[in-house]
Amino acid sequence: MGNLIEIKGVTHAYKTPNGPLPVLDGLTIEVPEGEFAAVVGPSGCGKSTLTRLVAGLMKPDTGEVWLHGERVKSPRKTVGMAFQNPVMLEWRTILENVILPLEIVAPSMPRADRVARAMELLQLVGLDGFEGKRPSELSGGMRQRASLCRAIVHKPDVLIMDEPFGALDAFTREDLWQTMHELRAKEPFTAVLITHDLRESVYLGDQVIVLSGRPARTQFVLDVDYPGDGGLRQLEGLYTPECAAMLATLREQIQIAQGRHPAEAH
Ligand SMILES: Nc1ncnc2c1ncn2[C@@H]1O[C@H](COP(=O)(O)OP(=O)(O)O)[C@@H](O)[C@H]1O
Ligand SMILES: [Mg+2]
C-alpha cells in the first residue's frame with residue numbers, strides 16, 4: 001500500500017498588513033493508507049494551516065498536496081473533518097446532523113440507507129438513544145462523539161482532526177481515545193490528528209510528526225511502537241517504560257521546536 005497523503009515541500013505565507021507571514025517552510029509529510037498520523041508542534045506554528053491545505057480549502061504558495069494519487073487543488077468531499085468545537089446545527093437533531101455529509105456527497109442515497117448508516121455509527125460510539133436530541137442537550141464529550149460520526153459517515157479517504165479533544169476533561173478525553181480505536185478497528189481510515197497532548201499522540205498515532213516553530217517544517221518523526229499484543233491499544237500501555245521513553249523523546253523535540261535547548265528547559 002502506498003501513501004494516501006503526500007505533502008511535498010509545501011511552503012505558505014499569509015498576506016498580512018505588515019507583509020507576508022511565512023507559516024510553512026518546505027513541509028513534507030507522508031501518511032500510508034490506513035495509518036494514523038499525529039501532528040504536534042508549538043502553538044501558532046502552522047498546524048491548522050496544514051489541515052486546510054490537506055482538505056483543499058487553501059492552496060499552498062509552492063509545493064504539492066496529494067491524496068490517493070490525485071493532486072489536491074480544490075475543496076475535497078472525500079475528506080472528513082473534526083474540530084475542537086464541533087459545529088453542529090442546533091435546529092437539527094443529532095441524527096440529522098450526522099446525516100448531513102451524506103446529503104451533500106450522496107444526494108441520491110435513499111433516506112432509509114442514510115439513517116441506517118448514521119445509526120450504525122451512533123451505536124458504535126454509544127450514542128444510540130440520543131439520535132433525536134438537539135446538540136445543546138448533549139454534553140461536550142457526546143457532541144464530540146457525534147461530530148466524529150458525522151466526519152466519517154460518508155466514508156472519507158481521510159479524516160482530519162484539529163485538536164478535537166482539546167476542550168474535554170481528562171477522563172472524557174481518554175474515553176474518546178478508546179472510541180477512536182474502536183472506530184478504526186471497525187472502519188479503517190487514514191487520519192491526521194493535530195494535538196498538543198503528547199500522550200494522545202502516542203496512544204493514537206502510528207507516527208508522531210513534530211513540527212518546528214513557525215514557519216513549520218517537519219522536525220522529527222517518531223514511529224510509534226506501542227507496547228501490547230497488537231490488538232486494540234490499551235490505555236495502561238502509556239505507563240510502560242517504552243511509552244515513557246517515547247514521551248521523553250517527544251518532549252525534548254517540542255522543546256527544541258520551541259527554540260529552547262532541552263538541557264536549559266528546567
Ligand atoms: N488567515 C490568516 N491570515 C493571516 N495570518 C494567519 C491566518 N491564519 C493563521 N494565521 C497566522 O498563521 C500562524 C499559524 O496559524 P495556525 O496554522 O492556526 O497555527 P496553529 O494551528 O499551529 O496554532 C499564526 O501566527 C496565525 O496567527
Ligand atoms: Mg490550530
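At what angle do α4 and helix α5 (residues 170-186) pack, and how far apart are their axes? In this predicted model, the angle is about 25° and the axes are 10 Å apart. Angles under 35 degrees count as roughly parallel, and α4 and α5 are therefore roughly parallel to each other. The crossing of α4 past α5 is right-handed. On the α4 side, the contact is made by G141, Q144, R145, L148 and I152. On the α5 side, T172, D175, L176, T179, M180 and L183 take part. By class, this contact of α4 with α5 holds five nonpolar, four polar and two charged residues.

Helix α4 (residues 140-152) also packs with helix α2 (residues 94-105). Here the axes come within 7 Å and cross at roughly 30°. That makes α2 roughly parallel to α4. The crossing of α2 past α4 is right-handed. From α2, the contact draws on I94, N97, V98 and P101. From α4, it draws on A146, C149 and R150. The contact of α2 with α4 comprises five nonpolar residues, one polar and one charged.

A further pairing joins α2 to helix α3 (residues 111-124). Their axes come within 9 Å and cross at roughly 120°. α2 and α3 are therefore oblique to each other. α2 passes α3 in a right-handed crossing. The α2 residues of this contact are I94, L95, E96, V98, I99, L102 and E103. Those of α3 are R111, R114, V115, R117, A118, M119 and L122. Nine of the contact residues of α2 with α3 are nonpolar, none is polar and five are charged.

The surroundings of ligand 1 were examined next. Y14, L21 and V23 are among the residues around ligand 1. The run S43, G44, C45, G46, K47, S48 and T49 also belongs to this set, as does R214. A polar backbone atom of G44 is 2.8 Å from an oxygen atom of ligand 1. For S48, a backbone N or O atom lies 2.9 Å from a ligand oxygen atom. For G46, the corresponding distance from a backbone N or O atom to an oxygen atom of ligand 1 is 3.0 Å.

R214 also takes part in a cis peptide bond. The bond from R214 to P215 is cis, with omega near -5°. P215 lies in the loop between β9 (207-211) and β10 (218-223).

H68 is placed in the loop between β4 (62-67) and β5 (70-71). The side chain of H68 makes a polar contact with the side chain of D157, at 3.3 Å.

D157 itself lies in the loop between α4 and β7 (158-162). Not counting residues up to four places away in sequence, D157 touches L4, H68, R76, T78 and T190. D157 and I5 are 152 residues apart along the chain. Their C-alpha atoms are separated by 9.4 Å.

Note on methods. Residues numbered from 1 in each chain as written. Chains lettered and ligands numbered in written order. Predicted model: local features only at pLDDT ≥ 70, side-chain atom pairs only at ≥ 80, totals over all residues. Heavy atoms only, no water. Axes fitted to C-alpha atoms, helices over the stretch in contact; angles between N-to-C directions. Helix = DSSP H or I, 4+ residues; strand = E, 2+ residues; numbered from the N terminus. Parallel < 35°, antiparallel > 145°, perpendicular 65-115°, else oblique. Left-handed = near helix turned anticlockwise from the far one by under 90°. Contact = heavy atoms within 4.5 Å. Nonpolar A, V, L, I, M, F, W, Y, C, P; charged D, E, K, R; others polar. Near = heavy atom within 4 Å. Polar contact = N/O pair within 3.5 Å; in protein donor to acceptor, adjacent residues only side chain to side chain.
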